[in-house]
Amino acid sequence: MIDWSTCKAVEQSLGHVSGAWYFRGTRIPAAALLENLEDGINIEQFVQWFPGVTANQVQQVLEHVAKSTAVTI
């Protein structure tokens, strides 16, 4: 499980997007990025398909996910 509370590119409000974490200033869930990348789209396509999300926000989310899911041995 990813702790989104430390990622500045996303926000959460119980009254928006059913309480899911979403890209700041939009109603687009952060999970939509991961789902679409899994389906094979690239970052440029995602930004085009989801107006309001910036490439910088996408980069911040991907960096946050990478740090959050890194395995330490």
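Helices here are DSSP runs of H or I with at least four residues, strands are runs of E with at least two, and both are numbered from the N terminus. You are looking at a predicted model, in which local features need pLDDT of at least 70, side-chain atom pairs count only at pLDDT 80 or more, and totals for chains, interfaces and linings use all residues. Residues are numbered from 1 along each chain as its sequence is written, and side-chain values use heavy atoms, with hydrogens and water left out.

**Helix α1**

Buried stands for under 20% relative accessible area, exposed for over 50%, and partly exposed for what lies in between, using a 1.4 Å probe and protein chains only. The arc is taken over the directions from the helix axis to the C-beta atoms. Contact here means heavy atoms within 4.5 Å.

**The loop between β1 and β2**

Next, pick V17 and S18, which are found in the loop between β1 and β2. V17 is not a glycine, yet its phi is positive, at about 50 degrees. S18 is not a glycine either, and has a positive phi of about 55 degrees. Are these residues buried or exposed? V17 has a relative accessible area of 19%, so V17 is buried. S18 counts as exposed because its relative accessibility is 79%.

**The nonpolar core**

Select W4, F23, F46 and V61 together. Within the largest nonpolar core, which has 15 residues, these four touch the most other members. Such a core is a set of buried Ala, Val, Leu, Ile, Met, Phe, Trp, Tyr and Cys residues joined through side-chain atoms within 4.5 Å. The elements giving two or more residues to this core are α1 and α3. Zoom in on F23: leaving aside residues up to four places away in sequence, its contacts include A30, L33, F46, V58 and V61.

**Helix α3**

Now move to residues 55-69, helix α3. Try the distance tool on its end C-alpha atoms: they are 21 Å apart, which agrees with the 21 Å that 15 residues should span at 1.5 Å a residue. That expected span is 1.5 Å times one less than the number of residues. Highlight Q57, V58, V61, H64 and V65, which are buried in α3. They lie on the same side of α3, because their arc around the axis is only 125 degrees. The cover over these buried residues includes β1, β2, α1 and α2.

Stay with H64, which counts as buried at 11% relative accessibility. Which residues does H64 touch, not counting those up to four places away in sequence? They are I2, D3, W4, T6 and C7.

Finally, turn to the face of α3 that points away from its buried side, where you will find the exposed residues N56 and K67. K67 has a relative accessible area of 68%. Draw a line from the C-alpha atom of K67 to that of I2: the two are separated by 9.6 Å, although the residues are 65 apart along the chain.
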